[in-house]
2 protein chains.
Amino acid sequence: MKLTGIAHICQDLKKDMQVVERELSAAIETDHPVLNEAAHHLLRAGGKRIRPIFVLLAGKFGDYSIDRLKYVAVPLELIHMATLVHDDVIDDAATRRGHPTVKSKWDNKIAMYTGDYILGRSLSIVSRLSDPEVHKLLSDAIVEMVKGEIEQIRDFFNWKQNLRRYLRRIKRKTALLIAVSCQLGGMVSGAPERHVRALYHFGYNAGMAFQITDDILDFTGTAKQLGKPAGSDLRQGNVTLPVLYALNREEETKKRQIHAFLQSEGEAVPIDDMVRLIRNSEGIRFAQALADTYLSKAIHALNELPLGKYRDSLKQIAHFIGERSY
Amino acid sequence: MKLTGIAHICQDLKKDMQVVERELSAAIETDHPVLNEAAHHLLRAGGKRIRPIFVLLAGKFGDYSIDRLKYVAVPLELIHMATLVHDDVIDDAATRRGHPTVKSKWDNKIAMYTGDYILGRSLSIVSRLSDPEVHKLLSDAIVEMVKGEIEQIRDFFNWKQNLRRYLRRIKRKTALLIAVSCQLGGMVSGAPERHVRALYHFGYNAGMAFQITDDILDFTGTAKQLGKPAGSDLRQGNVTLPVLYALNREEETKKRQIHAFLQSEGEAVPIDDMVRLIRNSEGIRFAQALADTYLSKAIHALNELPLGKYRDSLKQIAHFIGERSY
């Protein structure tokens, strides 16, 4: 198994992350050919597995047992995967005589149900743990994530949104599930309550930094690093922090250009011009500074935890998040 | 509150069904405007509330407590609602029960996330109960329903499917959640295991009859009764029991017409001609006979339960399912 950057930080977890990987694969296994193929395809596409890693590391602050922790690590990654699939479901299918073709309808629908399937499986796995608080935290996290996604759609091309609105959106969309990953890892292992709280705060702030970094990389990364063209967020109307800052703080001509782009829903200005404009704007620097602030808060939260290599690992991951290029 | 046909059968439940109705409304309440409107819109559109009614009736065979039963009755109805919204994304349905669908009022993505939101809320409510078996049964039911939905999509316009395939699909799509409603009502109330089993069997068979009747009504009902045009299932390619039977058993010219319709994905023959053809075919009578068989099995399963008015109510509902015109 290929370990990604974050996993390298904590070699101790290697064996247990392989357990998680096997259980992920087993979790989505079904004799249902379409679902099986769609879900495994998604699993193979990989990812940083940041949520399971946080679960396991957080578990080290209590009575660590991979046999219990896997019942939250696996569902958390599955929930993340499910939201990714639903995020990818597109509205406009190829049409024939004004109606979507059966084939193009299928793809969207199968993507939607694949997400539902993975979500259902994830909750089925959590039910191996008898603590209803775990279920509640997970289902509440799903509810918040959905709100974040809907807010994002509503705010596509919205040039009137403010910083607070952006922050609330990424909190729901990303930070909460990472916070809950840290929290549950501690909780399931019976870590002391104040450590569990510290883990939650760490996860929340690291999650905020993670999403802001993602939003920066969408402009500064190369297509190869990102696995998709630069500016993909903006192309679909997602007004992220660098854009928001530039829209409010840049010089007048640039402001007008961004405004024209958003108001025309991407028609008035070529996307490549916009990407260049944002990339060279103060927006990137401002966003980086805010990401750094969240990282400092994350690292500060660790002070509540006992010293040791697992606390160091969490700190290193926080630094990795701030410096990563993918 | 307006009580629907089934609720009239058991007047005793009126007050508790009002509790369920209030809790349903409270469950989806959110300060999030789009979600709030979309979800309440869906709730107001109503429905038979057959799942909560089964939960409450099943609860009567144990230590009945609405304060516990509502934590399964409400989630079960919410899960049903969530699948309806996702079903509408799939179907491109413009109306359901005579009201515009969430999808047509907003768009595909909002509909998808409204379904996700309702699903998340439903699971959050179940977590008030500490029995992990309840969570497992519910999430497994979600997984099976998704499989049923995917099977339905895959089998759109498929003229090669057989009866077994149809039955497996409606089992997953409809019968299992109704079976689980009866099962959980009994379980949560601590009814004896063999009664819980009988309730499950009752629900399963009643659910099969319910879906077959639905599939018949799609041809025999009026647009007003159905709240959507007759033949809506077939229009989108859903090959239900009356069609399946006609396709295999009708005289050669009719068979050829159905075959041409399916093979051309609805292009070669006007849908109204198809609806008329099926409505006047033996397929309707055959489907009715099969629905009756399932109803007999459902009523037979009741023999395991103690005599009394609640067993009578279940029996009456089974009869209602067979005779309903909406």
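Colleague: What share of the contacts in chain A with a separation of 6 or more is made by residues 24 or more positions apart?

Modeller: A contact means heavy atoms within 4.5 Å. In chain A, 73% of the contacts with a separation of 6 or more join residues 24 or more positions apart. Please keep in mind that this is a predicted model, where local features need pLDDT of at least 70, side-chain atom pairs count only at pLDDT 80 or more, and totals for chains, interfaces and linings use all residues. Residues are numbered from 1 along each chain as its sequence is written, chains are lettered from A and ligands numbered from 1 in the order in which they are written, and side-chain values use heavy atoms, with hydrogens and water left out.

Colleague: Which residues is Ile79(A) in contact with, leaving aside its neighbours within four places in sequence?

Modeller: They are Leu119(A), Ser122(A), Leu138(A), Ile142(A), Met145(A) and Leu177(A). Ile79(A) sits in helix 5 (residues 66-88) of chain A. Helices (H or I, at least four residues) and strands (E, at least two) are DSSP runs, numbered from the N terminus. Ile79(A) and Ser139(A) are 60 residues apart in sequence, while their C-alpha atoms are 9.8 Å apart in space.

Colleague: Is Ile79(A) buried or exposed?

Modeller: Buried means under 20% relative accessible area, exposed over 50%, and partly exposed in between (1.4 Å probe, protein chains only). Ile79(A) has 0% relative accessibility, so it counts as buried. Across chain A, buried residues make up 59% of the 326 residues.

Colleague: What about phi, and where does Phe157(A) lie?

Modeller: Most residues other than glycine have a negative phi. Phi of Phe157(A), however, is near 60°, a positive value. Phe157(A) lies in the loop between helix 7 (132-154) and helix 8 (163-188) of chain A, and Phe157(A) is buried, with a relative accessible area of 12%.

Colleague: What is phi of Arg49(B) near?

Modeller: Phi of Arg49(B) is near 55°, again a positive value in a residue other than glycine. Arg49(B) is found in the loop between helix 3 (33-44) and helix 4 (50-59) of chain B, and at 8% relative accessibility it counts as buried.
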